[in-house]
Amino acid sequence: MTADDIMNSEDFKKCKAFHGHVCPGLSIGFKAARTALDHLRASRAEDEEVVAVVETDACSADAVQVLTGCTFGKGNFIYKDHGKMVLTLFSRNTGSGVRVSLRTNAFRPDKEHMGLIRKVIDGNIADEERQRFNEIHLERARQILETPAEELFHITAVEIEPPPRARIEPSEPCAICGEPTMPSKMETSGGQRVCRDCL
């Protein structure tokens, strides 16, 4: 499948719409999520039947949420702040899990790309440089989409303890600020039940 085929697919268009633009990180997340779902023979979660654990809060995580249907709101999207492009997907229906991790050197911006990324981050980029950055960024995103998953990722079957299902509980007012708070997220301070902001 070519990059054009993938980018014109409804799934990729939804990822782009959610994230806001096409970039290498979105492509990595798209490939990782598609690989994990295919490995588990799972489809997009309607509820909590699939659980995603991501180890980065970068662009790739957005594609994972869109493709897998795992979200913070449903309680089946778990974020571990490890700074690694790793996705672990687990099916509650089958008990199977898969870990998809980016291979060393599978994606490394070249010197020109890195220089332009730094200028974008610093907000110090000329119009012609931004155009060149956009060209390189899109080309790298396309290259990722056309690279076989086995060349991009280590793909490993795993067994994990499924996380507990999402908790639904009526809120209680914080004794200090009065804002409704989940009781399981409150602390006791000075004999009062307070939210963590008011500790």
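Modeller: Buried means under 20% relative accessible area. The model discussed here is predicted.

Colleague: Does Cys15 count as buried or exposed, and at what relative accessibility?
Modeller: The cut-off for buried is under 20% relative accessible area. Cys15 falls below that cut-off and therefore counts as buried, its relative accessibility being 0%.

Colleague: How far from Cys70 is the nearest cysteine sulfur, and how many disulfides does the structure hold?
Modeller: Cys70 is buried too, with a relative accessible area of 0%. Cys70 is in no disulfide, and the nearest cysteine sulfur, that of Cys15, is 13 Å away. The number of disulfides in the structure is 0.

Colleague: Which strands are the edge strands of the open sheet?
Modeller: The open sheet has 5 strands with mixed pairing, in the order β2-β1-β3-β4-β5. An edge strand pairs on one side only, and this holds for β2 (77-79) and β5 (153-158).

Colleague: Which residue in β2 stands opposite Val53?
Modeller: Strand β1 (residues 50-54) runs parallel to β2 and is joined to it by 3 bridges. Opposite Val53 stands Ile78.

Colleague: What angle does the direction of helix α4 make with that of β1?
Modeller: Helix α4 (residues 60-68) packs on the sheet, where it touches β1, β2 and β3 (86-91). Its direction and that of β1 make an angle of about 175 degrees.

Technical notes:
Residues numbered from 1 in each chain as written. Predicted model: local features only at pLDDT ≥ 70, side-chain atom pairs only at ≥ 80, totals over all residues. Heavy atoms only, no water. Pairing = 2+ DSSP bridges. Helix = DSSP H or I, 4+ residues; strand = E, 2+ residues; numbered from the N terminus. Contact = heavy atoms within 4.5 Å. Axes fitted to C-alpha atoms, helices over the stretch in contact; angles between N-to-C directions. Disulfide = S-S within 2.5 Å. Buried < 20%, exposed > 50% of the residue type's maximum accessible area, 1.4 Å probe, protein only.
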